[in-house]
Amino acid sequence: MPQPPTDPATPPGAVHRLVDTPGGRIHLVEQGTGPLVLLVHGFPESWYSWRHQLPALAAAGYRAAAIDVRGYGRSAKPAATDAYRMLAHVADNTAVVHALGEETATVVGHDWGSPIAANSALLRPDVFTAVGLLSVPYAPRGENRPTDGFARIGGDEEFYVSYFQAPGRAEAEIEQDVRGWLAGFYTGLTGGALTIEEHGRLFFVPPRAHLADRFPTGPLPAWLTEADLDVYSGEFERSGLTGALNRYRNVDRDWEDLAAWHGAPITQPSLFIGGSLDASTTWMADAIDAYPATLPGLSAAHILEGCGHWIQQERPDEVNRLLTQWLDGLR
């Protein structure tokens, strides 16, 4: 399809593309030539989360393609909630690889993009020959229905994933002030922005309160400029938040869909990079400890000291170095 217009946020040398998939169009930004590396963002982000990686991977001899996940940015936004099940995201990733004229790719994901990348490798090992996971460790399908577990967390307060379940509820909070909500969320999950206790409380909603009530106020973190925030908020002002939040609303459906892969390891070469001040890393420490069984092809697991959740943006030079070294080792 024709390229959408380039915007000032695009890294020099990168190009925008829209590709057709069975599930609808996927927008991506790509740069470089060589083996394909598919970059999958998380919540609440966009292709722009990989702005530091696109030129670095291109310079290292790779074709880097950062997608807008379905529901985000300029990609398709189906109306049905179940259109955002994990199987649909795996199908999108597979279709993008083929639409780019490739048969195989390395897939790298951050935040929700990490389990999307992991399941792409798990379900389609013929296409995704290696997988890199940022911030969220790989954890195979467990015994219990996810929403049952989330409901037990927090006592009198509500875990954020539970808060996101009812359609329209979180949207009503966020869409009153998209830019302000994003600024608080990004700042709160940045390494060192809050104390350990404050950081933990950020993920729980007291009765009759909002998630943003515990967000920090003040200046933006060093990794996030006002112009960066303009890019993110502009995308969500246009698209709304429903498509992004629908990923959370499919956790039980995913659990049902993936029953045949219960406890399954990912055997392809893999990489994990996490932040020492990221709740995703600390709360899921058992998943990291289980890597010898769950990721038998793991090349390395790196924990970046003092880093929070937005790892490839907080520490772009370190992440670029670790990614390119790992990719070079796959050749």
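## Salt bridges and a helix pair in a predicted model

Arginine 63 is buried, with a relative accessible area of 13%.

**Arginine 63 and its partner**

Arginine 63 forms a salt bridge with glutamate 102, and their closest N and O atoms are 3.1 Å apart. This pair links distant parts of the chain, 39 residues apart. Arginine 63 belongs to strand S4 (residues 63-67), while glutamate 102 sits in the loop between helix H2 (86-99) and strand S5 (105-110). Unlike a buried residue, which has under 20% relative accessible area, glutamate 102 has 24% and is partly exposed.

**Further salt bridges**

The structure holds 16 salt bridges in total. Side chains of opposite charge can pair when their charged atoms come close.

| Residue | Partner | N to O distance |
|---|---|---|
| Arginine 63 | Glutamate 102 | 3.1 Å |
| Arginine 70 | Aspartate 92 | 2.7 Å |
| Arginine 247 | Aspartate 254 | 2.8 Å |

Arginine 70 forms a salt bridge with aspartate 92. Arginine 70 lies in the loop between S4 and H2 and aspartate 92 lies in helix H2, so this bridge ties together parts that are 22 residues apart in sequence. Both arginine 70 and aspartate 92 are buried.

In the bridge between aspartate 254 and arginine 247, aspartate 254 has a relative accessibility of 7% and counts as buried. Arginine 247 is likewise buried, at a relative accessible area of 3%.

**The contact between H2 and H3**

Two packed helices are described by the angle between their axes and the distance between the axes. H2 packs with helix H3 (residues 113-123) at an angle of about 75°, and the two axes are 9 Å apart. Angles of 65 to 115 degrees count as roughly perpendicular, and H2 and H3 are therefore roughly perpendicular to each other.

On the H2 side, the contact is made by Met86, Leu87, His89, Val90 and Asn93. H3 contributes Pro115, Ile116, Asn119, Ser120 and Leu123. By class, six residues of this contact are nonpolar and four are polar, with no charged residues.

Methods
Residues are numbered from 1 along each chain as its sequence is written. This is a predicted model: local features need pLDDT of at least 70, side-chain atom pairs count only at pLDDT 80 or more; totals for chains, interfaces and linings use all residues. Side-chain values use heavy atoms; hydrogens and water are left out. A salt bridge is a side-chain nitrogen of Lys or Arg within 4 Å of a carboxyl oxygen of Asp or Glu. Helices (H or I, at least four residues) and strands (E, at least two) are DSSP runs, numbered from the N terminus. Buried means under 20% relative accessible area, exposed over 50%, partly exposed in between (1.4 Å probe, protein chains only). Axes are lines fitted to C-alpha atoms, for helices over the stretch in contact, and angles run from 0 to 180 degrees between N-to-C directions. Angles under 35 degrees count as roughly parallel, over 145 as roughly antiparallel, 65 to 115 as roughly perpendicular and the rest as oblique. Contact means heavy atoms within 4.5 Å. Ala, Val, Leu, Ile, Met, Phe, Trp, Tyr, Cys and Pro count as nonpolar, Asp, Glu, Lys and Arg as charged, and the others, Gly among them, as polar.
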